[in-house]
Amino acid sequence: MNSFKTWLTRGSQFICSHCKESRKVNYAYPCMLQQKRRHSGEPVKKSSVLKQMLLSNQLEFLMEAHSGLSAKIAEDSGFKAIWGSGLSMSAQLGVRDCNEASWTQVLEVLEFMNDACDIPILMDADTGFGNFNNARRLVKKLEQIGIAGACLEDKLFPKTNSLHDGRSQPLADIKEFSLKIQACKDTLKDPDFLVVARVEAFIAGWGLEEAMKRAEAYLEAGADAILMHSKKSDASEIEGFVKEWKNRGPVILVPTTYYKTPTERFREMNISMVIWANHSIRASVLAMKALTRRLYKDQNIQGVEDDNQIVPVKELFRLLKEAELIEAENKYLP
């Protein structure tokens with residue numbers, strides 16, 4: 001049974017995937033099995049952590065990362081989970097966000113990210129890199145390398161970035177995408193691995209009726225949450241959807257374009273998660289451009305060092321856990 005079929009509001013009942021009993025959404029850990037894991041020293045899976053964030057009674061935040069270093073920085077800054085952004089990973093590979101990077105290349109980046117941090121990663125899985133067969137193979141591999149979830153969007157492969165202006169954004173057939181979601185869920189062994197359905201109806205120029213139809217179909221197919229996407233400069237489309245949705249299941253937002261909307265408004269709308277989707281990569285581009293232009297002009301590095309425009313090399317060593325290696329060398333090297 002899909003645990004969210006009975007999900008109505010925060011504090012309402014849901015079916016725990018571990019003990020199959022009805023539990024309150026606002027439990028940090030849903031059942032005694034999870035409590036036993038914590039106190040026995042058995043590690044809690046990253047997928048379980050991400051699922052409990054989705055089910056918590058708090059608005060949770062995911063920070064974009066695109067490399068092992070950016071994932072570690074997100075964790076170091078206090079974030080509890082990461083968004084493995086397709087746009088950002090493509091950009092750091094120097095290719096466009098239209099599936100120019102293969103899914104195996106993206107998985108290699110994700111594996112470095114997952115190894116670099118102890119917090120869960122929700123992958124921006126685009127369209128699943130093909131039909132149901134590609135998508136189910138993708139989530140199987142993600143599960144094997146320890147990624148906590150995948151978000152699939154209901155567009156056609158190869159995808160077009162949703163924030164492009166004046167570009168066609170053709171949508172997948174509702175039935176075909178619903179069966180893709182079902183195929184992914186049927187393939188997974190881990191009941192806590194999240195499969196999120198990203199609805200692109202507003203992006204494609206369709207209205208609320210189409211967005212609702214798609215969200216309902218995907219939830220029925222087994223999606224653990226709905227990511228409702230919009231590129232308007234205000235949250236009007238999102239607010240209209242949430243009002244009509246009536247808490248049928250968890251909703252995730254990516255407020256890249258409607259960034260002026262106060263975060264408190266998302267809490268009022270009972271949103272489960274908010275994703276800061278591409279801000280690390282955009283900040284790094286700005287910083288690198290400023291630095292390289294200055295170095296090209298000055299032909300000297302004293303200025304950027306004296307003005308603290310770069311971190312000390314020791315900070316890189318700290319983030320990359322150099323101290324652990326030194327300790328291991330003292331233990332294992334003769």
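What covers the buried residues of α8? The answer includes α7, β7, β8 (225–228) and α9 (236–245), and the views below start from there. The model shown is predicted, so local features need pLDDT of at least 70 and side-chain atom pairs count only at pLDDT 80 or more, while totals for chains, interfaces and linings use all residues. Residues are numbered from 1 along each chain as its sequence is written, and side-chain values use heavy atoms, with hydrogens and water left out.

**View 1. Helix α8 and the residues it buries.**
Helices here are DSSP runs of H or I with at least four residues, strands are runs of E with at least two, and both are numbered from the N terminus. Glu 210, Ala 211, Met 212, Arg 214, Ala 215, Tyr 218, Leu 219 and Ala 221 of α8 are buried. Buried means under 20% relative accessible area, exposed means over 50%, and partly exposed lies in between, using a 1.4 Å probe and protein chains only. The cover over these residues includes α7, β7, β8 and α9, where contact means heavy atoms within 4.5 Å. The end C-alpha atoms of α8 are 20 Å apart, which agrees with the 20 Å that its 14 residues should span at 1.5 Å a residue. That expected span is 1.5 Å times one less than the number of residues.

Look for Glu 210 and Lys 213, whose closest N and O atoms are 3.7 Å apart in a salt bridge. A salt bridge puts a side-chain nitrogen of Lys or Arg within 4 Å of a carboxyl oxygen of Asp or Glu. Both residues sit in helix α8, three residues apart, about one turn of the helix. Glu 210 is buried, with a relative accessible area of 13%, whereas Lys 213 is partly exposed at 42%.

Side chains of opposite charge can pair when their charged atoms come close. Lys 155 meets Glu 200 in a salt bridge at 3.1 Å, N to O. This pair links distant parts of the chain, 45 residues apart: Lys 155 is in the loop between β6 (149–153) and α7 (174–187), and Glu 200 is in the loop between β7 (194–199) and α8 (208–221). Lys 155 is buried, with a relative accessible area of 3%, and Glu 200 is buried at 0%. Lys 155 also forms a salt bridge with Glu 153, with the closest N and O atoms 3.4 Å apart; Glu 153 is buried too. The whole structure has 23 salt bridges.

**View 2. Ala 172, in the loop between β6 and α7.**
Ala 172 lies in this loop and counts as buried at 2% relative accessibility. The C-alpha atoms of Ala 172 and Asp 154 are separated by 5.3 Å, although the two residues are 18 residues apart along the chain. Beyond its neighbours within four places in sequence, Ala 172 is in contact with Asp 154, Lys 155, Leu 156, Phe 177 and Arg 214.

**View 3. Asn 114 in helix α5.**
Asn 114 belongs to helix α5 (residues 103–116) and counts as buried at 8% relative accessibility. Its side chain reaches the backbone oxygen of Ile 145 at 3.0 Å. Setting aside neighbours within four places in sequence, the contacts of Asn 114 are Lys 46, Ile 121, Ile 145, Gly 146 and Ile 147. Other buried residues of α5 include Trp 103, Val 106, Leu 107 and Met 113.

**View 4. Helix α3 packed on α5.**
Helix α3 (residues 68–76) and α5 pack at an angle of about 35 degrees, with their axes 8 Å apart. Axes are lines fitted to C-alpha atoms, for helices over the stretch in contact, and angles run from 0 to 180 degrees between N-to-C directions. Gly 68, Ala 71, Lys 72 and Glu 75 of α3 make the contact with Phe 112, Met 113 and Ala 116 of α5.

**View 5. Two residues with positive phi.**
Gln 299 has a phi near 55 degrees, a positive value in a residue other than glycine. Gln 299 lies in the loop between α11 (279–298) and α12 (302–306) and counts as exposed at 71% relative accessibility.
Asn 308 also has a positive phi, near 55 degrees. Asn 308 is in the loop between α12 and α13 (313–319) and is exposed, with a relative accessible area of 65%.

Methods: A polar contact is a pair of N or O atoms within 3.5 Å; within protein, one must be able to donate a hydrogen and the other to accept it, and residues adjacent in sequence count only if both atoms are side-chain atoms.
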